[in-house]
Amino acid sequence: MDSLASLSAFVRTAETLSFVQAAQLLGISASAVGKNVARLEQQLGVRLFNRSTRSVSLTAEGALLLARTRPILEQLRDVEAEITQAVAHPSGKLHVSLPVVGYRLITPLLPQFHQLYPDVELDFDFSDRLVNVIDEGFDVAIRSGEMQDSRLQARTLGPFRFVLCASPDYLAARGTPTASADLAQHHCIFFRFPATGLIQHWELADLRVTGDFQPAKSLTVNNIEAMVQSTLAGMGISYIPDFVVREVLEQGKLIEVLPGSCIRESGFSAIWPGRYLPPRVRCFIDYLAEHWPVSRRQ
């Protein structure tokens with residue numbers, strides 16, 4: 001950076017043949033311009049200006065240096081202007097990986113984001129498999145749980161909790177559990193992780209329901225939407241993230257079972273490769289962090 005400052009001081013002085021005018025253009029003092037030029041002359045081991053009390057003129061070496069460096073500095077100024085413009089008006093395609101259920105959280109946020117950043121083109125890939133963000137060329141991924149890859153950076157977006165719920169028809173037919181132990185007499189809908197084949201554990205205050213749990217009847221699915229529809233259809237009690245069923249709970253189409261018994265909480269994060277964020281990625285992550293839905297609490 002010192003060399004760039006010295007070159008800028010030299011070029012401005014060479015263009016104006018005045019240390020004072022160069023200082024005015026650069027927004028620094030004339031003595032600072034003189035020191036920068038002197039430092040450059042010392043580094044190069046040549047005299048760049050002929051100085052007198054009345055005038056300043058270029059030496060042959062100074063004229064050569066000006067011819068070579070002025071185009072470079074002009075290109076740097078163009079790049080600086082482009083970067084400034086990009087920061088102020090992010091643009092370009094943004095390749096984003098999300099879990100399948102992520103559409104419930106993301107899609108309500110998109111209209112306002114598009115109004116704020118109309119030149120950012122979003123390319124969403126909804127998948128429950130564990131994508132390789134770096135190797136598959138994603139700009140950012142939205143994931144829940146702990147980040148496993150140390151090459152990735154992360155920013156917390158928001159928490160969610162799990163709830164037990166069932167349809168009114170199911171509870172009318174089978175009764176409403178009053179304690180965790182009652183679940184053994186009920187129909188339970190389990191979730192199997194597509195990536196691992198493991199059953200989602202139910203983390204309750206006084207009971208941990210695993211794949212070995214034997215309820216009266218069970219149904220296992222590997223898709224959250226299938227779990228929601230099965231629960232709405234009265235197939236049993238499900239253990240499900242609250243944001244997935246928030247709307248149907250509010251509408252009374254599902255009823256929370258054993259309120260407050262679920263102790264597990266998790267959260268979503270945005271993860272991305274590298275330390276530095278392009279403007280299109282930064283504006284997207286900042287927007288999500290500011291507008292992410294808040295988990296409903298008991």
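This report describes the overall form of one predicted chain and then several of its local features.

## Basis of the description

The model is predicted, so local features need pLDDT of at least 70 and side-chain atom pairs count only at pLDDT 80 or more, while totals for chains, interfaces and linings use all residues. Residues are numbered from 1 along each chain as its sequence is written, and side-chain values use heavy atoms, with hydrogens and water left out.

## The chain as a whole

The chain has ten helices and 13 strands, where helices (H or I, at least four residues) and strands (E, at least two) are DSSP runs numbered from the N terminus. Its C-alpha trace spans about 105 × 35 × 30 Å along the principal axes. The radius of gyration of the chain is 31 Å, whereas a compact globule of 298 residues would have a value near 19 Å; this radius is taken over C-alpha atoms, and the globule rule is 2.2 Å times the number of residues to the power 0.38.

Of the 298 residues in the chain, 40% are buried, a term that means under 20% relative accessible area, with exposed meaning over 50% and partly exposed lying in between (1.4 Å probe, protein chains only). The accessible surface comes to about 16400 Å², and carbon and sulfur atoms hold 51% of that surface; such areas come from the Shrake-Rupley method with a 1.4 Å probe, and for residues only the protein chains shown count as cover. Among contacts (heavy atoms within 4.5 Å) with a separation of 6 or more, 74% join residues 24 or more positions apart.

T13 belongs to helix α1, which covers residues 2–16, and T13 is buried, with a relative accessible area of 0%. The side chain of T13 reaches the backbone oxygen of A9 at 2.7 Å. Once neighbours within four places in sequence are left aside, T13 is in contact with S18, F19, A22, V33, V37 and F49.

L17 lies in the loop between α1 and α2 (19–26) and is partly exposed, with a relative accessible area of 40%. Most residues other than glycine have a negative phi. L17, although not a glycine, has a positive phi of about 50°.

S180 is found in the loop between α7 (168–174) and β7, and S180 is buried, with a relative accessible area of 6%. Apart from neighbours within four places in sequence, S180 is in contact with L204, D206, L207 and L258. S180 and L204 are 24 residues apart in sequence, and their C-alpha atoms are 7.6 Å apart in space.

L258, one of the contacts of S180, lies in the loop between β12 (255–257) and β13 (265–273). L258 is buried, with a relative accessible area of 11%, and has a positive phi of about 50° although it is not a glycine.

## Helix α8 and its surroundings

Helix α8 covers residues 224–232, and its buried residues are I224, E225, M227, V228, S230 and T231. These buried residues pack against α5 (103–106), β6 (152–166), β7 (187–191), β10 (217–221), β11 (237–241) and α9 (242–250).

At the N-terminal end, α8 is capped by N223, with a side-chain oxygen that lies 2.8 Å from the backbone nitrogen of E225. After α8 comes G234, whose phi is positive, near 80°.

Conventions: Polar contact = N/O pair within 3.5 Å; in protein donor to acceptor, adjacent residues only side chain to side chain.
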